[in-house]
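Open the model in your viewer and keep the selection tool handy.

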Amino acid sequence: MNEASAQRVDEFEGKPIRLLLVAPSLRILGGQAVQAKYLLQNLSREPMFQVSFVAHNPRLPGPLRLLQRIKYVRTIVTSFVYCLNLLLKVPKNDVIHVFSASYFSFLLAPAPAIFIARLFGKKIILNYRSGEAEDHLRCWPRTAVPIMRLADALIVPSPYLVHVFQKFGLHATAVANIIDIDRFKFHERKPLLPIFLSNRNLYPLYNVACIVRAFAIIQQKFPQARLTIAGDGRQRAALQALVRELKLRNVDFCGLIVPDKMNELYDEAHIYLNSSNIDNMPGSILESFASGLPVVSTNAGGIPYMVTHERTGLLVPKNDHDGMAAWAIHLLESASLADSIVRRAYEECSLYTWEAVRDRWVSTYMELAGRKTSSDARASEAGSYITV
């Protein structure tokens with residue numbers, strides 16, 4: 001046991017808090033699954049917690065797995081197994097930490113976990129992570145808001161969502177996303193080359209078409225420019241058709257990339273482009289910060305809370321491919337601007353490490369479980385002595 005762990009054991013009184021994380025597994029490649037993995041790994045090293053996990057998307061055993069290939073049947077059987085897992089594990093835990101997206105996903109995954117946790121009288125954290133929160137709450141007022149009020153704590157990754165929930169009379173607390181800086185290789189790009197990366201799934205809200213159109217302008221000035229598009233989704237065929245229509249060269253659609261391999265794409269790229277119309281706190285921007293990639297992004301949702309224009313990145317209005325291209329070209333032509341952005345962005349990464357957010361999570365779990373650290377107890381005793 002290292003010195004830090006020993007100190008944490010000394011600070012903690014009583015048996016470990018039993019904590020259940022309910023979240024997507026990495027079988028669904030996305031920000032929620034990555035954040036759940038980081039949290040599970042770090043909490044498992046904390047001696048005051050006994051951590052277990054239930055996946056939103058359980059994998060059926062043996063031949064039954066074939067049922068998960070059939071549309072509609074897949075949803076029914078997966079939901080049944082998921083709820084069964086909750087019924088088995090929720091009663092054994094003290095605090096239930098539920099990851100949440102929006103719309104139907106909210107009803108299929110977080111809602112059952114909240115209802116079952118309430119049934120067994122457990123404390124509930126709803127960890128809502130979708131940039132679509134405002135539309136979700138406005139369009140689904142009879143389900144979303146009442147179900148959210150059943151949670152004992154509502155935690156979101158950014159102040160942006162705190163403000164969104166305030167509009168609907170819900171109190172949320174911001175605890176930032178986690179990034180494992182050691183997974184990524186920071187290095188300066190000198191000279192900065194027109195080698196671009198996009199790492200968002202190919203759905204309308206991420207508007208990757210805006211990046212393709214921006215790249216068309218960039219390639220007119222830099223004919224050898226390259227663009228790698230990581231991720232997949234229902235817009236892939238349309239985006240490939242747009243690339244052909246614009247007669248672009250050197251555009252590579254590489255599909256879904258597992259998190260452990262993404263660092264290789266960041267390492268090869270020189271500039272990261274993000275053109276989402278709806279967003280919260282994209283982990284891909286933090287990963288770009290950690291890799292030394294200057295970021296050009298739209299100012300959607302919570303992104304301005306993590307990217308400061310001309311300080312840690314460059315921001316353009318939503319769906320502004322002309323502006324995105326102009327700033328990308330400016331980066332390529334201004335080494336001093338690129339260098340200062342990269343340096344300051346890397347410094348920002350310290351705000352998103354486990355060490356930076358650990359105390360927020362630990363204090364939340366302990367408060368909900370009705371526990372105190374020995375330092376809390378000593379402070380309480382000191383206060384009583386002063387009162388006397």
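Select Lys 37 and Asp 260: their side chains meet in a salt bridge at 3.7 Å, N to O (a side-chain nitrogen of Lys or Arg within 4 Å of a carboxyl oxygen of Asp or Glu). Lys 37 lies in helix α2 (residues 31-43) and Asp 260 in helix α11 (residues 259-268), so the pair ties together parts 223 residues apart in sequence. Helices are DSSP runs of H or I, at least four residues, and strands are runs of E, at least two, numbered from the N terminus. Lys 37 is partly exposed at 28%, while Asp 260 is exposed at 54%; buried means under 20% relative accessible area, exposed over 50%, partly exposed in between (1.4 Å probe, protein chains only).

This is a predicted model, where local features need pLDDT of at least 70, side-chain atom pairs count only at pLDDT 80 or more, and totals for chains, interfaces and linings use all residues. Numbering runs from 1 along each chain as its sequence is written, and side-chain values use heavy atoms, without hydrogens or water.

Next, pick Asp 279 and Arg 200, whose closest N and O atoms are 2.7 Å apart in a salt bridge. Asp 279 is buried at 6%, and Arg 200 is buried at 9%.

Now jump to Arg 189, in the loop between β6 (173-174) and β7 (195-199).
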